[in-house]
Amino acid sequence: MVRFTEKPKDINKVLAHSSLATQQQQVKLMQQLNTVLAQVLQLEQLSFCRVTTIRDGRAIILCSSPTWLTRLKMQRDAILDNFRKKILPDLAGIEIEASPTGQTRQFKVEIAQPTLVQHSLSKQAAEALLAVAEGADGKLKQALLNLANNRTK
């Protein structure tokens, strides 16, 4: 019998160095930055802009139109100060860009609701089930009769 001398590793330590953990940290940071940005702009939701990434120590804010781009550039210092105070003290700066396609909304995954599919049997299939049900007994007979009558429990 083979004995394993290596102890099992803690799952948190294994996942701490994975790309999934890095991406989760990045997403959490972007959510925090977007929350602070909404507070600075005194809005409940950001529908026209969002912080998309941090590149070379600079936060990249993507806007849906040039009008919002101008408004955010005027408030650049206040945004940068709040980002530094609340989340990233070593943030080098902010780049504000207009999206050429206006893609500033965050993608949401929608889960489709299951739909009940009704199937109907042909007359021949129902007759065949009735014929088989005659030779069966108990629960099987009842189930075959229900199927033949196109009913489900």
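This is a predicted model: local features need pLDDT of at least 70, side-chain atom pairs count only at pLDDT 80 or more; totals for chains, interfaces and linings use all residues.
The face of helix 5 turned away from its buried side carries four exposed residues: Gln124, Val132, Glu134 and Gly135.

Helix 5 runs over residues 123-135. At 1.5 Å a residue, its 13 residues should span 18 Å, and the end C-alpha atoms lie 19 Å apart, which agrees. The buried residues of helix 5 are Ala126, Leu129 and Ala133. They cover an arc of only 60 degrees around the axis, so they sit on the same side of helix 5. The general rule behind such a pattern is that an α-helix has 3.6 residues a turn, so residues three or four places apart point the same way. What do the buried residues of helix 5 pack against? Their partner is helix 6, residues 139-148.

Next comes helix 4, residues 76-86, where Ala78 is found. Ala78 has a relative accessibility of 36% and therefore counts as partly exposed, since that class lies between the buried limit of 20% and the exposed limit of 50%. Ala78 and Val40 are 38 residues apart along the chain, yet their C-alpha atoms are separated by 7.4 Å.

The last stop is helix 1, residues 11-16, which includes Ile11. With a relative accessible area of 52%, Ile11 is exposed, because the class begins over 50%. Together with Val14 and Leu15, Ile11 makes a nonpolar surface patch of about 260 Å².

Terms used
Residues are numbered from 1 along each chain as its sequence is written. Side-chain values use heavy atoms; hydrogens and water are left out. Helices (H or I, at least four residues) and strands (E, at least two) are DSSP runs, numbered from the N terminus. The expected span of a helix is 1.5 Å times one less than its number of residues. Buried means under 20% relative accessible area, exposed over 50%, partly exposed in between (1.4 Å probe, protein chains only). The arc is that of the directions from the helix axis to the C-beta atoms. Contact means heavy atoms within 4.5 Å. Patches are made of residues with over 30% relative accessible area and no salt bridge: like charges are joined within 9 Å, nonpolar side chains (Val, Leu, Ile, Met, Phe, Trp, Tyr) within 5 Å. Accessible areas come from the Shrake-Rupley method with a 1.4 Å probe; for residues, only the protein chains shown count as cover. A salt bridge is a side-chain nitrogen of Lys or Arg within 4 Å of a carboxyl oxygen of Asp or Glu.
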